[in-house]
Every structure is written in C-alpha cells, then in structure tokens.
Amino acid sequence: MYRNIFSVYTGVLVSIIEIILSIRLIKKWFIEIQYIPISKLEYIFIEAPNKFFLILIFFYAISALLGGFITAFFAKNAKKAYAILTGLILFFIALFHIFFYTFPIWFKIIILPIFFPFSYLGGNLIEFLQKKKWIN
C-alpha cells in the first residue's frame with residue numbers, strides 16, 4: 001500500500017517539476033516575456049503570445065505521460081488505475097491553476113482534458129513494456 005502511495009506521489013511530483021521547468025524553458029524562447037522573472041508568473045501568462053501556450057500544451061501532455069509512466073513503474077498492482085489517479089490529481093492542480101491565473105479561453109478548454117488520457121497512456125505503456133519483458 002505504501003509503495004502505491006509513494007508511486008502516485010512520485011509521479012505527481014515529477015510532473016509538476018517538469019511543468020515548472022518547461023515554463024522556464026519556453027519563457028526563454030520568447031523575447032516578449034524573456035525578462036519577466038518566474039516569480040511574476042501571472043505577468044508571464046498575460047504577456048505571452050499564443051505560440052507560448054501551444055508549446056505549453058505539448059509540455060503539459062508530456063508531463064502527464066511521464067507522471068503516469070513513473071506512477072505505473074513504481075506501483076505494485078493496478079498500474080493503470082494509479083496512473084489515472086495521477087492524472088486526476090494533475091487535473092485538480094491544473095483546475096486550481098486556471099482559476100488563479102489569467103489564461104486565454106481556448107487554452108483553458110484544451111488543457112483540462114489532457115491529463116487523464118496521457119497519464120493513462122503512460123500507465124498503459126509501462127504495462128506493455130513489462131509484458132514484453134523490456135522493463136522489470
């Protein structure tokens with residue numbers, strides 16, 4: 001039981017760290033927001049161009065996939081279920097994030113349904129790799 005809790009915690013933590021690092025990385029690519037400090041995150045989201053949010057959607061999907069992958073890797077049983085639980089926790093964190101920061105409406109609509117399918121795919125990928133004996 002503790003191993004499964006640890007796996008969900010680790011998957012969510014890795015996903016959050018990956019999202020934060022991707023925001024810092026993407027911020028450097030755009031001159032408009034390059035010099036705004038990361039502590040002023042709301043100003044970054046207000047001043048950012050639409051390309052910033054398109055790339056951010058890609059990184060959100062990758063972080064959910066990675067979180068589901070890591071959760072399923074460390075979980076002892078019900079790997080897909082714990083990967084979906086990771087997606088649920090990430091969904092609520094993103095929902096909380098959307099209420100407190102200003103995003104374009106299209107970004108709010110697109111971002112919320114991303115976490116469940118991609119975290120499920122991460123859990124499914126781990127089960128596939130373990131079934132083929134490529135990962136123990």
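Before I turn to single residues, let me say that helices here are DSSP runs of H or I with at least four residues, and strands are runs of E with at least two, numbered from the N terminus.

What we are looking at is a predicted model, in which local features need pLDDT of at least 70 and side-chain atom pairs count only at pLDDT 80 or more, while totals for chains, interfaces and linings use all residues. Residues are numbered from 1 along each chain as its sequence is written, and side-chain values use heavy atoms, with hydrogens and water left out.

Let me stay with Leu56 for a moment. Is Leu56 buried or exposed? Leu56 has a relative accessible area of 0%, and is therefore buried (buried means under 20%, exposed over 50% and partly exposed in between, with a 1.4 Å probe and protein chains only). Not counting residues up to four places away in sequence, Leu56 touches Ser22, Ile23, Ile26, Phe45 and Phe107, where contact means heavy atoms within 4.5 Å. The C-alpha atoms of Leu56 and Ile19 are separated by 8.4 Å, although these residues are 37 residues apart along the chain.

Ser7, in helix H1, also counts as buried, because its relative accessibility is 0%. Its contacts, leaving aside neighbours within four places in sequence, are Thr71, Phe74 and Ala75.

Now to the packing of helices. H3, residues 50-74, packs with H4 at an angle of about 145°, the axes being 8 Å apart; axes are lines fitted to C-alpha atoms, for helices over the stretch in contact, and angles run from 0 to 180 degrees between N-to-C directions. On the H3 side the contact includes Tyr60, Ala64 and Gly67, and on the H4 side it includes Tyr82, Leu90 and His97. By class, this contact has 7 nonpolar, 5 polar and 1 charged residues, where Ala, Val, Leu, Ile, Met, Phe, Trp, Tyr, Cys and Pro count as nonpolar, Asp, Glu, Lys and Arg as charged, and the others, Gly among them, as polar.

Finally, which residues lie closest to the centre of the largest pocket? Of the 13 residues that line this pocket, they are Ile19, Ile20, Tyr60, Ile93 and His97. A pocket is an open set of points on a 1 Å grid over the protein atoms alone, where a 1.4 Å probe fits, with protein on both sides within 12 Å along at least five of seven lines, and lining residues have an atom within 4 Å of a point. The largest share of the lining, 5 residues, comes from H4.
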